[in-house]
Amino acid sequence: MPHYTNKVKVLSPLLAIAYSDNKGARLNYPTKAQTDLLLNGAAAARRIMRAAVAELDRVVYLRRPEGEPFTSIMNYHFGLAANRLNPMLKSNAVDKSLGLKAIGQKDRRWILNKIRMGMLSISFHLNTGVYLIDVDIGTRNIIGGVADTPGAGEEGYVVGGANNPATGKFTPHCGLLSGFKNGEIHVAFAFMQQHGYTAEAVARVIIHEASHKYWGVADYYYAHQTAGYRQLNCVEAVDNADSFAWAAVSLDQGALVHGTDSNDLHHQAALVP
Ligand SMILES: [Zn+2]
């Protein structure tokens with residue numbers, strides 16, 4: 001299988017990168033500003049994921065009351081608002097006490113537990129070290145081993161899986177081997193730095209792609225595709241990459257935020273509604 005990248009560099013014990021130096025002809029790439037942004041973005045992704053897991057631990061594991069903004073973040077990003085429920089869900093009661101009958105019931109805690117499992121997996125992988133490959137917009141000519149070029153604003157992608165014929169959505173491999181079967185996380189080294197992405201915006205891209213790779217979730221809608229995103233029900237949303245990314249960012253921020261365009265530079269740009 002032909003490869004595009006030819007260089008691997010370890011930037012820190014928790015971050016390795018791969019890119020193309022065009023067989024030595026491309027000097028000073030990636031630049032210090034670009035590698036600094038990757039380091040800061042990866043660090044922000046680790047911190048954001050730990051914060052998100054701590055919040056889900058608090059509610060799901062320690063059974064503390066949800067409170068705000070937790071309830072609003074779950075309702076918005078994971079389709080738990082009253083008008084978006086999936087018929088499969090038997091109860092959406094917030095802070096429902098745990099009775100014996102509730103064990104195994106498909107209720108709000110069942111969805112929150114699924115969210116916690118996803119957040120734990122993403123956090124574990126990002127906090128034990130991440131490998132980022134360059135999207136390299138404008139220069140890359142091979143994607144997933146075949147001749148192809150990334151889109152003009154392609155922040156990141158993961159190769160693997162296929163389009164699900166039932167939903168028409170990109171669906172990575174899922175299950176225990178998803179992290180092994182799915183390709184590595186690709187992010188746009190130069191593009192994000194040249195377009196002024198903050199460390200948190202880079203983190204949001206890394207978390208989105210990590211949710212594909214390690215948790216096998218699909219792309220139903222991106223958060224900036226507001227009309228479709230706001231109609232996802234809870235069963236769809238727990239299978240949607242941007243739901244994990246923006247919920248994690250919101251939990252870390254302590255405020256409900258979401259994307260406004262396909263290249264969100266500053267994640268705090270949009271408070272909901
Ligand atoms: Zn995606």
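Biologist: How many residues does helix α1 have, and what does it reach from its first C-alpha to its last?

Modeller: This is a predicted model. Take the span expected at 1.5 Å a residue and compare. Helix α1 covers residues 32–61, which is 30 residues. It reaches 42 Å, close to the expected 44 Å.

Biologist: Which residue with positive phi follows α1?

Modeller: Arg63 follows α1, with a positive phi near 60 degrees.

Biologist: How many aromatic pairs does a search of the whole structure find?

Modeller: The search finds 4 aromatic pairs. Planes over 60 degrees apart count as edge-to-face.

Biologist: Where do Tyr19 and Tyr29 lie?

Modeller: Tyr19 is in strand β2 (residues 15–19), and Tyr29 is in the loop between β2 and α1. The pair therefore ties together parts 10 residues apart in sequence.

Biologist: Is Tyr19 buried or exposed?

Modeller: Buried means under 20% relative accessible area. Tyr19 has 3%, so it counts as buried. Tyr29, at 13%, is buried too.

Biologist: What are the centre distance and plane angle for Phe78 and Phe244?

Modeller: Their centres are 5.1 Å apart and their planes at 75 degrees, so the pair is edge-to-face. Phe78 lies in the loop between α2 and α3, Phe244 in helix α9, so the pair ties together parts 166 residues apart in sequence. Both Phe78 and Phe244 are buried.

Biologist: Which residue lies over the face of Tyr29?

Modeller: Arg26 does, at 3.7 Å from the ring centre. Elsewhere, the charged end of Arg58 sits over the ring of Phe70, 5.8 Å from its centre.

Note on methods: Residues are numbered from 1 along each chain as its sequence is written. This is a predicted model: local features need pLDDT of at least 70, side-chain atom pairs count only at pLDDT 80 or more; totals for chains, interfaces and linings use all residues. Side-chain values use heavy atoms; hydrogens and water are left out. Helices (H or I, at least four residues) and strands (E, at least two) are DSSP runs, numbered from the N terminus. The expected span of a helix is 1.5 Å times one less than its number of residues. Rings of Phe, Tyr and Trp (its six-membered ring) pair if their centres lie within 6.5 Å; planes under 30 degrees apart count as stacked, over 60 as edge-to-face and the rest as tilted. Buried means under 20% relative accessible area, exposed over 50%, partly exposed in between (1.4 Å probe, protein chains only). A charge sits over a ring if NZ of Lys or CZ of Arg is within 6 Å of the ring centre and within 35 degrees of the ring normal.
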